[in-house]
Amino acid sequence: MDSYDVLVIGGGPAGYVAAIRAAQLGFKVACVDAFERGGKASLGGTCLNVGCIPSKAMLDSSEKFEMINHEAAEHGIQVDGARVDLGKMLGRKESVVDKLTGGIAYLFKKNKITSLHGLGRLVRQDGDGWIVDAAGTEVRAKNVIVATGSSPRALPGAPFGGNIVDNSGALAFEQVPGKLGVIGAGVIGVELGSVWRRLGAQVTVLEALPGFLLAADDAISKEALKQLQKQGLDFHFSVQITEVKQGDSGVTVTYEEKGQAVTAQFDKLIVSIGRVPHTAGLGADAVGLQLDERGFVKVDDHYRTNLPGVYAIGDVIGGAMLAHKAEEEGVAVAEQLAGQAGHVNYAVIPWVIYTSPEIAWAGLTEKGAKEKGLKVKTGQFPFSANGRALGHGDPRGFVKVVADADTDKILGVHMVGPNVSELIGETVAIMEFGGSAEDLARTVHAHPTLSEVVKEAALATDKRALHM
Ligand code: FAD
Ligand code: NAI
């Protein structure tokens, strides 16, 4: 029987990164992953195959189409008759995915990680290790890292299939739907809703909660909603879905809105109402692996489960369901196994939503900071007063810095605007070092760049923005 120091179950961002870091630290490592794309093994989990990467590829392609159709003329570029070749666009997305998933296979080889394709199932404890059924063959591992990720949550009574799709289906429509319904105005809803709206669909978003992106700073979610509505996304809040019926040519959704029953007909329906931990096939029950009431694997601060030698990381343990959070946990758990002090700073995990304009934040919102009893000061600066944004022709949005009024420490930074997915990075680094608004304001930012808006927002916390 093959024997390993570390066996990782799941080859997504949590699992593959844990495997690589463990191998770097000198462990003998195997990773067993069940994901298949087009009938073939494909490493990288949800993120690389049907999540982060393909969605961003489609967001980029559709944004280029939008630019050519609606923004090029403003730059003095006249383009007539631009049209979408959806097959080619989807093919490009798949080739990006192929490159990256193949890249993980290469990294496994480079780091001498044994890659097994199939299910991993905990079988029994064996001395100071575990016997795991890895893709149909029993192997022994001293340490097991469970990184089995998450799956899309279905609406009760409306299983995925046909015209009711999850993220995978929504990234592979063969035609642009005429009428697209989206249930859930969360991250997937607005990203994939934006893709298909730009490609020509009429998009209706039905959300149960009374507001939009409630985890974001109020100023940001208000501005983002305004911009998305302006583009034509039709949002309905505080709705209650009462029935979803699949027909031959589409889906009928009945919902209650403001006390009225409404029936809407869609060609396709994306259900994006959150994700659930994926533990099917893991053998959790048989070995007594403890899950919490929502099905997440229970871990302590060191990613230890209730079973000795079994750890869990990534989406399957809950918290922010983000690839970079999963990756950092992968690094941390491997370092802990090597006796090092791996840790993740959960207070500064950036969130980025890749709509147009982009949305990004890290740390506390103004409201959240006040709820913690902190005295806060804020500074806000608009992209409309920034030379680079005007040059780009995209001056929408602003940056808001939330700082401690007594110590000047940055508590949170919130952005909506062009390229903020990249701008959030420097503020995360400053927050990681416990930096102040003054630190950010005194850092020299190249001119003309969008990043000057970040500096100006930091200056604005002391009412000394220079260009406003
Ligand atoms: P996963 O990526 O889900 O990987 C788990 C892997 O384990 C899968 O390959 C699965 O097949 C395998 N597996 C499960 N059970 C077993 C078993 N018993 N045996 C063997 N293998 C098993 N996050 C971001 O940070 N940025 C984004 O832009 C972003 N965009 C997203 C867009 C979409 C449409 C979706 C759906 C998600 C997006 N996410 C994004 C979230 C991100 O994909 C997840 O947070 C991330 O993939 C979690 O990584 P993971 O390794 O924990 O799980
Ligand atoms: P989500 O949690 O972001 O949003 C789900 C939305 O559906 C919520 O607003 C919720 O109130 C609503 N909802 C729940 N039940 C409902 C119902 N019955 N009727 C109507 N609305 C309902 O989940 P989503 O969009 O499915 O994405 C899952 C996760 O994937 C995200 O939380 C995020 O962690 C990750 N992701 C991250 C991305 C990024 O970082 N850019 C992009 C896409 C996904």
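**Entry 1: the shell around ligand 2**

I looked up which element gives the largest share of the shell around ligand 2, and I found that α6 does so with four residues; helices here are DSSP runs of H or I of at least four residues and strands are runs of E of at least two, numbered from the N terminus. The model is predicted, so I note that local features need pLDDT of at least 70 and side-chain atom pairs pLDDT 80 or more, whereas totals for chains, interfaces and linings use all residues. Residues are numbered from 1 along each chain as its sequence is written, chains are lettered from A and ligands numbered from 1 in the order written, and side-chain values use heavy atoms, without hydrogens and water.

I recorded 24 residues around ligand 2, with Glu191, Glu207, Gly274, Met321 and Val352 as the closest; a residue is near if one of its heavy atoms lies within 4 Å. By class, the shell holds 14 nonpolar, five polar and five charged residues. Nonpolar covers Ala, Val, Leu, Ile, Met, Phe, Trp, Tyr, Cys and Pro, charged covers Asp, Glu, Lys and Arg, and the others, Gly among them, are polar.

**Entry 2: polar contacts of ligand 2**

I then listed pairs of N or O atoms within 3.5 Å. An oxygen atom of ligand 2 lies 2.6 Å from a polar backbone atom of Met321. For Gly274, the distance from a polar backbone atom to a ligand 2 oxygen is 2.8 Å. For Ile188, a backbone N or O atom is 2.9 Å from an oxygen of ligand 2. I noted that ligand 2 taken alone exposes 840 Å², of which the protein buries 77%, by the Shrake-Rupley method with a 1.4 Å probe.

**Entry 3: the nonpolar cores**

I found 55 residues in the largest nonpolar core, where Phe108, Val144 and Ile145 have the most contacts. Such a core joins buried Ala, Val, Leu, Ile, Met, Phe, Trp, Tyr and Cys residues through side-chain atoms within 4.5 Å; buried means under 20% relative accessible area (1.4 Å probe, protein chains only). Helix α1 (residues 13-24) gives the most to this core, eight residues. A second, separate core has 37 residues, including Ala170 and Phe237.

**Entry 4: helix α14**

I asked how many residues of helix α14 (residues 452-460) are buried. Nine of the nine are, so the helix is largely enclosed by the rest of the structure. Among the elements covering its buried residues are β22 (376-382) and α12 (420-432).

Note on methods:
Polar contact = N/O pair within 3.5 Å; in protein donor to acceptor, adjacent residues only side chain to side chain. Buried < 20%, exposed > 50% of the residue type's maximum accessible area, 1.4 Å probe, protein only. Contact = heavy atoms within 4.5 Å.
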